Amino acid sequence: NGNDLIPDFKLKVAADVLRFIHVTDYKILGANWAVHAFIPLVYQDVTLGGRTDDRFGLGDIIIDPIILGWHFPNFHVTTGLDIYIPTGTYDKNRLANPGRNYWTFQPILAMTYLSDSGFELSAKFMYDFNTENSDTKYQSGQEFHVDYTIGYHIGKQWAVGLGGYYYIQTTDDKVNGVTPPDGFKGQVAAIGPQAQYSYKNMNFTLKWQYEFDAQYKPEGNKFWFNFVYAF
């Protein structure tokens, strides 16, 4: 109802997420075949119910063995299946956990339109299927979320615009197979400015995203720095 569910809840997270992607020389159904892996190093600082806890460690690694990308002069489409592997440390008695202790299977569909004049419209659609946390017998519901960018490219080096995301949980959480009151269906939206600079085979992006309209989710600010180096 617009109120804090837990008044003294605070969360700070810093993460260095390394993404390794390789585009092969093979084509499948006319699409370029690529593979990637995310390796996150995560620091969490949590305050909840008068308790505080912090932890640094490896998060849950993400892999995708089959990424398919179709590329046209002004339009690009990519699809795949990201798999979240529960490699991060987890203890149900701790507040801070770099890992989630369950698998997630995430089909993705990403699209980019880039006009000859430099206007860009991009979106990445994702849908999550979560398995049960074996330690807590808690299973998060299915989730839909979309990342978006509305931008303008200035020459070949600079791009500016707005970016953010929308997240909504589509099915109820379950504890020991039973749905809790309200189903704890989360939702949150975010928007903010972003700027990108490209130089030779490198790319630098800065983002600030302000979260709002949160339900059963933390609400705050997110700052991103993204660096890409193409070999």
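How many bridges join β10 and strand β12 (residues 187–199), and in which sense do the two pair? They pair in the antiparallel sense over eleven bridges. The model is predicted, so local features need pLDDT of at least 70 and side-chain atom pairs pLDDT 80 or more, while totals for chains, interfaces and linings use all residues. Residues are numbered from 1 along each chain as its sequence is written, and side-chain values use heavy atoms, without hydrogens and water.

**View 1. Strand β10 and its partners.** Strands are DSSP runs of E, at least two residues, numbered from the N terminus; two of them pair if DSSP finds at least two bridges between them. Strand β9 (residues 143–154) pairs with strand β10 (residues 158–169) in the antiparallel sense over twelve bridges. G161 in β10 is the bridge partner of G151, and G164 stands opposite I191 in β12. Three residues lie between the strands in the hairpin of β9 and β10, where G155 takes a positive phi near 65°.

**View 2. Residue L11 in strand β1 (residues 10–28).** L11 is partly exposed at 39% relative accessibility (buried is under 20% relative accessible area, exposed over 50%, partly exposed in between; 1.4 Å probe, protein chains only). Apart from neighbours within four places in sequence, L11 contacts D45, V46 and P218 (contact: heavy atoms within 4.5 Å).

**View 3. Lysine K217 over the ring of Y167.** The charged end of K217 sits 4.4 Å from the ring centre of Y167. A charge sits over a ring if NZ of Lys or CZ of Arg is within 6 Å of the ring centre and within 35 degrees of the ring normal.

Terms used. Helix = DSSP H or I, 4+ residues; strand = E, 2+ residues; numbered from the N terminus.
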